[in-house]
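Colleague: I would like a close look at one part of this model, the place where the two chains meet. Please take me through it step by step.

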Amino acid sequence: METAVTIELPTSPAVASPSPLLDDFDAVVAQYWPRVYRYACSAVRDPDEAQTIAQDCFMKAYRAREQFRGESGLATWLIQIAVNLVRDRARNRRLQFWKWAATRSVEAGEAGHWLSDQAPTPEARASTRQQIAEVGKAVEYLSGRQRTVFLLRFVDGMDLAEIASATGLKEGTVKAHLFRALGAVRRRVGAIR
Amino acid sequence: MNQHLTEQQILEWVAGTATAESRRHVEQCARCGAEVECLESAVRGFAGAVRQAAVRPAPSLDWAAGRPRATSNWMPAWRPAIAALALLLLAAPLMFHFSPYPKDIDSKVYTTANKQQQQLERERADVALLEQVDAAVSRPVPQPIEPLVQLVAWGSKTNSGVTE
């Protein structure tokens, strides 16, 4: 059963005009959609769910555009909305994590190709694919916050300060979650060596 | 640093928060370099796979209304035909105005047609006249004396004994 989604939009106490960055909202969507969708997709592991989250994210951003003052980066602000949406959706239903990834084994092949220069032999490529699969399984069992921090750091390439801003956590807390997530991944990957 | 990297230092390395001392050690220590590389490449490969898979174009939405943007899908199959018709209607006056032929051509054409019509009428009149002529020529006597010829014929029949 779904409950109402409550989104905590980042606001600023300062009363000022909305950022001109949001004047051309279609351009904002065109620029930041890939990033928001990628985060949502990596977080919920379901392309359709991710599409819904990304759409909701931009709709909420549009409605709350007057609250954006440009104090944080626009991308960080949007990711913050997306993080809240993902969290609220995860609260409302138990997502079958990595179900999508499991059905798309081609990903591992694509990633193996991406890393082909580092894994020149078939054995090495197979090993890389297995490692990637193990990382996926490890991420599956992370807590919500650990997973969010891990994905934002490695998939989205955000630094710790940006992650802290996007998640509302302190930077030290972000770092702790990241190390725990990495530790779990390392244990998983190390187990196959 | 003589000792190998600890678990925490390896994680820091991969997280991008390694100290300068750890970096120097990894440059010199093959074992720690391999440890770091193993975890780093697995994470990097995972991230690359997700980036490659998680691609979808942005939808065309009316963000203010929160619904799909109204697209001009009105009679898509008819659109080319309607456009062509509209173009033709627009272009027709121009075509007449900027005709590739001289304007007197039109009048000449009209005159020619008129002449042909007149010619046809003349021919019909000629045919009628010829028919009249043929009829007149085929008479044994001129028309004005035809009643007299009939009268004589009638009289010769009744008075045949007299003449004989």
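Predicted model: local features only at pLDDT ≥ 70, side-chain atom pairs only at ≥ 80, totals over all residues.

Chain A has nine helices and zero strands. Along the sequence, the pattern reads α-α-α-α-α-α-α-α-α. Chain A holds 193 residues, and 51% of them count as buried. Now look at its contacts with a separation of 6 or more. Residues 24 or more positions apart make up 71% of these.

Next, the meeting place itself. Chain A brings 45 residues to the contact, and chain B brings 38 residues. Between chain A and chain B, about 3700 Å² is buried. Carbon and sulfur atoms give 65% of this buried area.

What about charges? Three salt bridges are counted between chain A and chain B. In one salt bridge, the side chain of A:Asp48 meets that of B:Arg56, at 3.2 Å from N to O. Polar contacts cross the interface too. Eight residue pairs are found there, with both residues at pLDDT 80 or more. Which parts of chain A face chain B? Several helices each supply at least two residues of the side that touches chain B. They are helix H1 (25–44), helix H2 (47–63), helix H5 (106–114), helix H6 (122–140), helix H7 (144–154) and helix H9 (171–191).

Zoom in on helix H1 of chain A. A:Arg38 sits in this helix. Is A:Arg38 buried or exposed? Its relative accessibility is 18%, so A:Arg38 counts as buried; the cut-off for buried is under 20%. Which residues does A:Arg38 touch, leaving aside neighbours within four places in sequence? In chain A, the partners are A:Val155 and A:Asp156. In chain B, they are B:Arg51 and B:Ala54.

Finally, turn to a surface spot on chain B. B:Leu85 lies in helix H4 of chain B, which covers residues 79–97. B:Leu85 counts as exposed because its relative accessibility is 51%, and the cut-off for exposed is over 50%.

Notes: Residues numbered from 1 in each chain as written. Chains lettered and ligands numbered in written order. Heavy atoms only, no water. Helix = DSSP H or I, 4+ residues; strand = E, 2+ residues; numbered from the N terminus. Buried < 20%, exposed > 50% of the residue type's maximum accessible area, 1.4 Å probe, protein only. Contact = heavy atoms within 4.5 Å. Buried area = accessible area lost by both parts, 1.4 Å probe. Salt bridge = Lys/Arg side-chain N within 4 Å of Asp/Glu carboxyl O. Polar contact = N/O pair within 3.5 Å; in protein donor to acceptor, adjacent residues only side chain to side chain.
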